[in-house]
Amino acid sequence: MDREDAAAGLARLEGYLLSQAARQEAARAGDAFAGALTWLGSGEQEEIARRFADHHLALRRQILRAVADRAQELRGEYGHRYAVLRRRTVTVAAAAVAALAGVSACAAYLR
């Protein structure tokens with residue numbers, strides 16, 4: 001097993017653990033919400049808790065997708081900016097080297 005396989009396996013494990021934690025959080029939130037509705041029967045509270053948890057998870061997925069999409073957009077934007085700055089830096093460095101070579105050539109010629 002190489003490092004890439006190990007890293008991919010750890011990423012999958014981390015994703016699984018995060019999803020399980022999100023499910024538990026949603027279930028707790030659903031139970032708390034439904035538990036406050038004391039006039040409902042136990043079956044009704046269970047149904048409300050399940051629906052609340054489902055909604056909570058769907059909302060969490062939607063937010064996570066929006067964050068991931070924005071991160072991808074930013075990666076593209078900053079990647080482009082980095083490439084432009086890198087080209088400028090290389091161009092300026094090349095111009096500086098050329099100017100230094102020209103000055104050195106002139107100094108050698110004038111001696």
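Student: What separates Glu47 and Arg51 in helix H2 of this predicted model?

Tutor: Glu47 and Arg51 are 4 residues apart in helix H2, which places about one helical turn between them.

Student: What makes the contact of Glu47 and Arg51 a salt bridge?

Tutor: The definition asks for a side-chain nitrogen of Lys or Arg within 4 Å of a carboxyl oxygen of Asp or Glu. For the side chains of Glu47 and Arg51, the N to O distance is 2.6 Å. This value lies within 4 Å, so the pair is called a salt bridge. In general, side chains of opposite charge can pair when their charged atoms come close.

Student: Which salt bridges does Arg50 form with Glu47 and Asp54, and at what distances?

Tutor: The side chain of Arg50 meets that of Glu47 at 2.7 Å, N to O, and that of Asp54 at 3.0 Å, N to O. Each value is within 4 Å, so each contact is a salt bridge. Arg50 and Glu47 lie 3 residues apart in helix H2 (residues 42-110), about one turn of the helix. Asp54 and Arg50 are 4 residues apart in H2, also separated by about one helical turn. Salt bridges that share partners join Glu47, Arg50, Arg51 and Asp54 into one network.

Student: How do you know that Arg50 and Asp54 are partly exposed?

Tutor: The relative accessible area is 43% for Arg50 and 39% for Asp54. Both values fall between 20% and 50%, so both residues are partly exposed.

Student: How many salt bridges does the structure hold?

Tutor: The structure holds 7 salt bridges.

Student: Why are helices H1 and H2 called oblique to each other?

Tutor: Helix H1 (residues 3-35) and H2 pack at an angle of about 135°, with their axes 7 Å apart. Angles over 145 degrees count as roughly antiparallel, and those from 65 to 115 as roughly perpendicular. An angle of about 135° falls between these ranges, and H1 and H2 are therefore oblique. The crossing of H1 and H2 is right-handed.

Student: Which classes of residue make up the contact of H1 with H2?

Tutor: The residues that meet include Ala22 and Phe33 in H1, and Ile48 and Leu57 in H2. By class, the contact has 11 nonpolar, 4 polar and 4 charged residues.

Definitions and conventions
Residues numbered from 1 in each chain as written. Predicted model: local features only at pLDDT ≥ 70, side-chain atom pairs only at ≥ 80, totals over all residues. Heavy atoms only, no water. Helix = DSSP H or I, 4+ residues; strand = E, 2+ residues; numbered from the N terminus. Buried < 20%, exposed > 50% of the residue type's maximum accessible area, 1.4 Å probe, protein only. Axes fitted to C-alpha atoms, helices over the stretch in contact; angles between N-to-C directions. Parallel < 35°, antiparallel > 145°, perpendicular 65-115°, else oblique. Left-handed = near helix turned anticlockwise from the far one by under 90°. Contact = heavy atoms within 4.5 Å. Nonpolar A, V, L, I, M, F, W, Y, C, P; charged D, E, K, R; others polar.
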